[in-house]
Structures are given as C-alpha cells and as structure tokens.
Amino acid sequence: MIPAIKSKLPDVGTTIFTVMSALAAKHDAINLGQGFPDFPMNQELIALVDEAMKKDFNQYVPMQGYLPLRESIAQKVSFLYNSSLNPDTQITITPGGTYAIYTALTTALQPGDEVIAFEPAYDSYIPNIEVNGAIPVLINLDFPDYKIDWDKVRQKISPKTKMIMLNSPNNPTGSVLSEHDINELRSIVKDSNIFILSDEVYEHLVFDNIAHQSILRYPDLMERSFVCFSFGKVYNCTGWKLGYCISSPALMAEFRKVHQFNCFSCHSPSQVALSAFLKNKDSYLSLAAFMQKKRDYFADRLKQTRFTPLVSHGSYFQCFKYDRISYENDKDFSIRITKEYGVACIPVSAFYKSGTDNKVVRFCFCKKEETLEEAANRLLKL
Ligand SMILES: Cc1ncc(COP(=O)(O)O)c(C=O)c1O
C-alpha cells in the first residue's frame with residue numbers, strides 16, 4: 001500500500017497560469033498571460049557567463065553568494081537608495097525572487113502567526129504562508145486603483161501579527177507604493193514586533209518618472225525587513241531564476257540558516273558574470289523607459305477596443321476591465337478570448353483567495369512590438 005500524504009496545501013490545485021498557458025499553446029494563441037519577455041536578453045551578459053564557465057567558475061561559490069556579486073549589489077544599493085549595506089552580513093544570493101520570499105517566510109514564521117497580505121497577490125504568497133503553518137490575513141487593495149487602505153490594515157493588526165507583505169510595483173496590477181504609504185507603514189510598525197517582507201522584483205520597472213519606494217531607503221524599516229529581488233526581471237532572463245535577499249544582519253543570519261540547508265549555493269558562472277555586469281548602470285537604468293514604451297504602445301492600440309484600461313505605473317502588466325464587452329465571469333471570458341480570438345490573458349480573480357471578480361483581466365506587455373501589435377489586432381475584433 002502506498003502511504004497517503006496529509007497535504008500541507010490541500011486547497012492548491014493546478015493554477016490558472018498553467019491552465020491558460022496550456023490553452024494558449026493548444027489554440028496557437030499569443031500568450032500575454034504569463035510574465036516573460038519574448039525577446040532576447042543582453043548578449044554581453046551571455047558572453048560574460050560563457051567567459052566565466054570557460055575560466056572554470058564552475059564549482060560551488062560560498063553559501064551567501066559570490067562575494068564580488070554581493071559587493072556589486074551593495075554598491076548599486078548605495079547608488080540607488082543611499083543605503084549602506086555590509087555584503088558579508090546583509091545580502092544573500094538566492095535561486096530567484098520566489099525562493100527568497102519563501103525562505104524569508106520560513107525564517108520568520110511560527111505556526112499560528114498571522115501575516116497581512118494584500119490582494120490581488122502574486123500567487124506564491126498565500127501558499128508560502130500556509131505551508132509554514134501561519135495564517136494569511138488578507139486585505140483587498142482598493143479597486144480600481146489598487147491602493148492600500150491603511151485604516152483597514154490598522155483594523156487587522158492583532159497580537160499575532162508577525163509580518164506585513166508588500167509588493168511594489170505590484171503583480172498583477174502595476175500599482176506602486178508612494179511616500180504616503182511608507183509613512184503609514186512606518187507609523188503602524190513603529191514600537192511593534194512586526195516584520196516586513198518587501199517584494200521588489202520589479203524595482204527597475206517603475207514608469208511615469210515615479211521614484212521606486214524601496215524599503216532600502218528607510219533604515220528604520222530596513223532593520224525589520226526582508227527585501228527580495230530578481231535578476232530575471234532586471235535582465236530579461238526570467239529562466240535564470242537568480243535573485244537575492246537583503247536584510248539586517250540579525251535577520252539575515254537566521255535567513256541563511258534556512259537557506260544553507262535548502263539550496264546552499266546558486267549557479268556560479270551567472271554570479272561571476274553579474275558581478276561585472278551590475279557595474280553597468282545603464283543596463284538597469286534604461287529598463288523602465290524601454291518597458292514603458294511597450295506599455296504605452298499596447299494601451300494605445302487597445303484604445304480602439306471596448307477594454308477599459310486601469311492604471312499601471314510599473315511591472316510587466318496592465319489590467320483592463322472588459323465590462324463593456326461581456327457579462328461573463330473573468331475566467332470564462334479569458335478562456336473564451338484565448339480560444340476564439342487567439343490572445344491569452346489572466347483573469348484577475350485568480351489572484352484572490354476568494355476569487356473576487358471585478359471583471360478585470362491582466363495582459364503582459366513585456367513582448368516584442370510585433371507580438372503586441374498582432375495581439376492588439378486580434379483583440380480589435382472583440
Ligand atoms: C511579484 C513577483 N514576485 C516574485 C516573482 C518571482 O521572481 P523569480 O522568477 O526570480 O522567482 C515574480 C515573478 O513573476 C513576481 O511577479
């Protein structure tokens with residue numbers, strides 16, 4: 001007899017992302033569902049990885065990550081956010097941003113702890129909280145601008161609140177935190193034992209001349225935070241699954257205890273390559289303008305349809321309401337347009353545990369202009 005597993009995630013099934021990508025492939029649809037670029041990454045960075053491999057950087061690097069890369073990250077953070085980090089004690093290289101988030105949650109949470117998270121939320125957050133035996137306390141971002149109502153946050157704080165999770169720019173909505181949000185957060189966590197997890201994987205994808213409100217700018221918040229990043233999002237190589245976490249020395253020491261018995265150390269040649277490439281400021285400073293052009297191009301083409309755009313100030317994504325097109329629920333609508341019109345998107349209800357349906361779908365615009373143009377041409381028929 002095969003022993004039965006008592007599931008740690010009994011509510012988790014096949015996600016809509018898998019469903020929509022499979023549907024897109026089956027119907028030869030343009031996949032604006034999943035968030036990945038369909039254009040080549042930087043060739044110079046590829047050459048640097050190649051060079052690192054040929055120079056035989058092919059064995060384990062230290063558990064914390066290749067030191068020159070951690071030093072380059074510290075220099076970058078000092079330049080961008082005027083924050084001074086110790087690469088020995090405050091930065092750990094991880095296999096992607098999702099892993100950094102999971103590890104931070106596993107480090108900080110005990111069974112029964114409450115974690116405040118905002119919905120719509122990136123799909124790993126809630127399972128990552130629950131697998132640690134903790135309780136997600138969910139707050140809807142205000143529709144339609146997807147801002148945080150801090151009074152709702154105050155109401156949800158309890159003696160069990162262990163952490164607040166933030167994501168700016170936000171996936172799926174493209175909303176970003178303002179200085180006002182940071183001040184509200186500050187007033188809430190001051191004199192508390194609450195940790196912060198800040199998912200900043202889209203730090204270089206903030207548009208409209210808005211400054212990214214990184215937690216790294218604020219030493220009082222930083223000391224209680226795990227701040228998570230992804231090289232995949234910065235260098236158009238989501239398949240690399242390489243990122244890092246930044247925290248205060250005390251928290252990072254605990255983070256590393258969990259990390260060292262899970263992944264231990266990440267892909268060496270990529271770290272060697274990135275340690276050099278990160279010094280090229282233009283490689284990350286140019287990203288926002290490049291991607292904003294794509295957002296604007298796609299939104300401009302969709303003006304000729306009955307989709308209603310919602311504001312996106314960042315990320316790979318823009319959400320659109322379709323209530324002038326159909327009364328269907330967002331899942332049925334997304335499946336139908338994939339099958340009948342050949343463009344896949346993601347229904348935003350998939351980012352809510354309770355499936356809140358505001359008749360909104362998410363399109364990913366980090367695609368070649370010809371991909372966006374063809375998708376828009378197909379959607380024009382709706
Ligand atoms: C909000 C958010 N956080 C984290 C990640 C994951 O980053 P990585 O691919 O480096 O694990 C993503 C990827 O889609 C994301 O959208």
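Leaving aside its neighbours within four places in sequence, with which residues is N171 in contact? The first legend below gives the reply.

The structure is a predicted model, in which local features need pLDDT of at least 70 and side-chain atom pairs count only at pLDDT 80 or more, while totals for chains, interfaces and linings use all residues. Residues are numbered from 1 along each chain as its sequence is written, and side-chain values use heavy atoms, with hydrogens and water left out.

View A. N171 sits in the loop between β5 and α8; helices (H or I, at least four residues) and strands (E, at least two) are DSSP runs, numbered from the N terminus. With a relative accessible area of 5%, N171 is buried; buried means under 20% relative accessible area, exposed over 50%, and partly exposed in between (1.4 Å probe, protein chains only). Beyond neighbours within four places in sequence, N171 is in contact with P120, A121, Y122, Y202, F317, F351 and R362, where contact means heavy atoms within 4.5 Å. The side chains of N171 and R362 make a polar contact at 2.7 Å. Such a contact is a pair of N or O atoms within 3.5 Å; within protein, one must be able to donate a hydrogen and the other to accept it, and residues adjacent in sequence count only if both atoms are side-chain atoms.

**View B. The ligand and its shell.** Around the ligand are G96, G97, T98, Y122, N167, N171, D199, V201, Y202, S230, K233 and K241, each with a heavy atom within 4 Å of it. This shell divides into three nonpolar, six polar and three charged residues. (Ala, Val, Leu, Ile, Met, Phe, Trp, Tyr, Cys and Pro count as nonpolar, Asp, Glu, Lys and Arg as charged, and the others, Gly among them, as polar.) Oxygen atoms of the ligand lie 2.7 Å from a side-chain N or O atom of N171 and 2.8 Å from one of K233. A nitrogen atom of the ligand is 2.6 Å from an N or O atom in the side chain of D199. Taken alone, the ligand exposes 390 Å², and the protein buries 93% of that; these areas come from the Shrake-Rupley method with a 1.4 Å probe.

**View C. Two cis peptide bonds.** Most peptide bonds are trans. The bond from E119 to P120 is cis, with omega near 5 degrees, and P120 is found in the loop between β3 (114-119) and α6 (125-131). The bond from N171 to P172 is also cis, with omega near 20 degrees; P172 belongs to the loop between β5 (161-167) and α8 (179-189).

View D. Phi of N82 is near 55 degrees. N82 lies in the loop between α3 (67-81) and α4 (87-90) and is exposed, at 72% relative accessible area. K241 has phi near 45 degrees and lies in the loop between α10 (231-234) and β8 (243-247). At 45% relative accessibility, K241 is partly exposed.

**View E. The buried face of helix α16.** In α16 (residues 369-379), the buried residues are T371, L372, A375, A376 and L379. Seen down the axis, they fall within an arc of 130 degrees, so they line one face of the helix; the arc is that of the directions from the helix axis to the C-beta atoms. These residues pack against β1 (30-31), α14 (287-302), α15 (330-341), β11 (343-344) and β13 (360-364).
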